[in-house]
Amino acid sequence: MIRKLALALAGLLLALGSLGIPQLLQANNGNGKGHDDDHNDRDRPPQTLRSGFESTRDLLRDVRWAEQGPQHSAWIIESSRFLNVPHRAFMPDVGEPATIDLPVNVGIIKSPDGEITLYDTGWKQLGYIFDWNTSCCWAPIREQMLAIGLEPKHVTKIVAGHGHWDHSGQLSEFPNAVLYIQKEELKQIDFFLDYPVAFNSGKIRAVNTVDPLSGDQMGPPQQACARSPVCGYPPQTVQEILGKTLHGKAKIIDGSHHLAPGMVIHPAFRGHTYGSQLLQVNTARGQLVFGSDTYSSWTGIRDWLVANIQQTDTIQQFLAYEKCYVLTSTSAGNSFNNCIAAHEHTSYSAAYPITQNWWNIPNGNCSRAAELVLAPGEPTHVPANPNRTPPNLCVSTVPPHVAVK
């Protein structure tokens, strides 16, 4: 009987093939010859979206292009800090110490002409941060910038590594800045905001702060979609993103994009969210690559370990790691040290080399900053006597509870 079914199935497949219907299961879309031809299909890694694929040749071409542009200065600031996160929940292959504190890092890039580009913006949902009750050190991003000698009014561009609440939550603080966001990110938000509640009570809807059945506001640990890959778009963050797009202050891109001389956006589709993207920046220490949650952990990139298990596709995350290795390959002695992570727990210490020149932001509610690299002629923004009190000795002020409407 089984043999007859197998023969019947084989006959059906042959019949479909004779009708010209394409095979449904076809892992190799290329010509099988391994040619690197920009105008034809080629062999691609499994599960790679065509619009998100960049060959090594493509990446090195962007390095050469960026190196012809100006060198930029770069800093990171800490939007807030998540305390006592179970280590294995963040990096499954690393267990010690049992809990870690995770910063929420925001990139600040300054061009020689004085214009500032932000990579991510942190968050400002004070009601949400209160409900988490495991966060500290939040401070308004504009105040943080002013406290380290950078002028918020000079922010002209914002690159959203992805649209989650802790990374795209302060877009409206820069009303004149243009947001750069991937089309795939907007498509994901639109699709999963309206995911049918009939399927598992809407457990993979995008809004993890609202019960999809009752509409009630929810905080951890009972939040609706918890850490599913499409989770993380509470109403206020969606308003931040759509506010930019609806007011003509957003540029929706699809794949790679030359942002400005010396800066290139690279897609990292499904490396964390559907429309995640990286930012390559030309500097005096070579190419920096900012990665948001696709590069949530620098030690993960260094040791080739999966990090932040909320990512949509582990293979895509590793392919994004590979992009950083290629883009930084011409940076003598730096390489993966130039990969900038959003939640690396050793940030603001010598253990993460690029952030070792750090300090506590004055009047910044225990938040921290690090000077990554300076362009020729840019003076240091590190105070003459920087306060480097270890964070465990710093008492954080939790913002007052603000009801979310």
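This briefing walks through a predicted model, topic by topic. Residues are numbered from 1 along each chain as its sequence is written. As this is a predicted model, local features need pLDDT of at least 70 and side-chain atom pairs count only at pLDDT 80 or more, while totals for chains, interfaces and linings use all residues; side-chain values use heavy atoms, with hydrogens and water left out.

**Confidence**

- The protein chain has a mean pLDDT of 84, where pLDDT is the predictor's confidence in each residue, from 0 to 100.
- A pLDDT of 70 or more is reached by 81% of the residues in the chain.
- Residues 5-42 stay under 50 in pLDDT, and the model has 25 contacts for them beyond four places in sequence; a contact means heavy atoms within 4.5 Å.
- Residues 401-405 are also below 50, with 8 contacts in the model beyond near neighbours in sequence.
- Where pLDDT is low, the predicted coordinates should not be read in detail.

**Disulfides**

- The model has 2 disulfides, counted as pairs of cysteine sulfur atoms within 2.5 Å.
- Cys136 and Cys137 are both buried; buried means under 20% relative accessible area, exposed over 50% and partly exposed in between, using a 1.4 Å probe and protein chains only.
- Cys324 is joined to Cys339 by a disulfide, S to S 2.0 Å.
- Cys324 sits in helix H9 (residues 314-327) and Cys339 in strand S12 (residues 339-340), so this pair ties together parts that are 15 residues apart in sequence.
- Helices (H or I, at least four residues) and strands (E, at least two) are DSSP runs, numbered from the N terminus.
- For Cys324 and Cys339 the torsion about the S-S bond is about -115 degrees, so the disulfide is left-handed.
- Cys324 is buried at 0% relative accessibility, and Cys339 is buried with a relative accessible area of 0%.

**Helix H9**

- H9 has 14 residues and reaches 20 Å from its first C-alpha to its last, close to the 20 Å expected at 1.5 Å a residue; the expected span is 1.5 Å times one less than the number of residues.
- Buried residues of H9 include Gln317, Ala320, Tyr321 and Cys324.
- Among the elements covering the buried residues of H9 are helix H2 (56-67), strand S10 (277-283) and S12.

**Asp293**

- Asp293 is found in the loop between strand S11 (286-290) and helix H8 (298-303).
- Asp293 has a relative accessible area of 3% and is buried.
- The Asp293 side chain makes a polar contact with that of His167 at 3.0 Å, and another of 3.3 Å joins it to the side chain of His272.
- A polar contact is a pair of N or O atoms within 3.5 Å; within protein, one must be able to donate a hydrogen and the other to accept it, and residues adjacent in sequence count only if both atoms are side-chain atoms.
- Beyond four places in sequence, the contacts of Asp293 include His162, Asn308, Gln317 and His343.

**Strand S2 and its partners**

- In strand S2 (residues 99-110), 10 of the 12 residues are buried, so S2 is largely enclosed by the rest of the structure.
- Strand S1 (residues 73-86) pairs with S2 in the antiparallel sense over 10 bridges; two strands pair if DSSP finds at least two bridges between them.
- S2 and strand S3 (residues 116-119) run antiparallel, joined by 4 bridges.
- S2 and S3 form a hairpin with 5 residues between them, and Gly114 in the turn has a positive phi of about 95 degrees.
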